[in-house]
Structure formats: C-alpha cells, structure tokens
Amino acid sequence: QVQLVESGGGLVQAGGSLRLSCAASGRTSSSTAMGWFRQAPGKEREFVISINWTGRTYDANSVKGRFTISRDNAKNTVYLQMNSLKPEDTAVYFCAATGPRPVDYSTTYYKVGAYDYWGQGTQVTVSS
C-alpha cells in the first residue's frame, strides 16, 4: 500500500501562484508514476498533470504553460507549481500514484483508472 498526503492548498487571487506537495509513504517504487487531478463542484474528476518514472511529464491543455510538475525521489515527494492561476482552476486537487499492475502509461496517464492510490485532496480557491 501507498499513502499519499497533499498539502499547500489555499485561497489565492487570480494571477497568483501556489505550490502543492504530495508526500508518498509505504510501498513506493522507482517505477511509480504520479499525477494530479482536480474536481470542481458538480464536475467529474479531471486530469491536470503527471510525471512518470523517467521524468517525462504530461499535462492537460488547460494548464499548459502555467502548471509544472516535479518530483524529488529522495523525499518521495511530488510538487505541483501553479502559476497564473484563474478562477476556473478552483477545485479540490488530488494526488495520485500508479500501482504495481502493468499499464501502458503513455496512453493512459490521463485516466482516473490508471492510478491505484489517491490522496485525500486539498482545496485550491482562486478569487477573481
């Protein structure tokens, strides 16, 4: 089992920045891919950005050029740097990690079902 704990959410004005962290513990692996999803009220959970075990990143069109993801393998931590935030970025942000089952990550990175472990979520609110 892998436990994920997010931190860093909060309230920020439009145009501002926030950095979220996701600390992983338990049976982590060097082959684990990790990602961020978000869910706004009344909407489905959607993919935001992710990073695989080689460091390759994937991001949604809605956050290109504004959000970046990085990982510190020594700390088992993934970071989401969010810049130029917009009110439509308001959501609960969830950290996710893949598990031991084989997946073709390059084609499934954006799917909720590709990830076996989830954090509890952290609220990000962007005011206009």
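Me: Is E46 buried, partly exposed or exposed?
Reply: Buried means under 20% relative accessible area and exposed means over 50%, with partly exposed in between (1.4 Å probe, protein chains only). E46 has a relative accessible area of 36% and is partly exposed. This is a predicted model, where local features need pLDDT of at least 70 and side-chain atom pairs count only at pLDDT 80 or more, while totals for chains, interfaces and linings use all residues. Residues are numbered from 1 along each chain as its sequence is written, and side-chain values use heavy atoms, leaving out hydrogens and water.

Me: Which side chain does E46 meet in a salt bridge?
Reply: Side chains of opposite charge can pair when their charged atoms come close. A salt bridge is a side-chain nitrogen of Lys or Arg within 4 Å of a carboxyl oxygen of Asp or Glu. E46 meets R38, at 2.7 Å from N to O. R38 is buried, with a relative accessible area of 6%. R38 and E46 also belong to a network of salt bridges with R66 and D89.

Me: How many salt bridges does the structure hold?
Reply: The structure holds five. One of them joins R101 and D116, 2.7 Å from N to O. R101 lies in the loop between β9 and α1 (105–108) and D116 in the loop between α1 and β10 (117–118), so the pair ties together parts that are 15 residues apart in sequence. Here helices (H or I, at least four residues) and strands (E, at least two) are DSSP runs, numbered from the N terminus.

Me: In what order do the four strands of the open sheet stand?
Reply: Two strands pair if DSSP finds at least two bridges between them. The order is β1-β3-β8-β7, with antiparallel pairing. β1 (2–7) and β7 (67–72) are at the edges with a single partner strand each, so one side of each has no neighbour in the sheet. Between β3 (residues 18–26) and β8 (residues 77–82) there are six bridges. For A23, the bridge partner in β8 is T77.

Me: Which residues touch the most other members of the largest nonpolar core?
Reply: A nonpolar core is a set of buried Ala, Val, Leu, Ile, Met, Phe, Trp, Tyr and Cys residues joined through side-chain atoms within 4.5 Å. The largest one has 36 residues, and L4, M34, W36, F67, L80, M82 and Y93 touch the most other members. β9 gives the largest share of this core, five residues.
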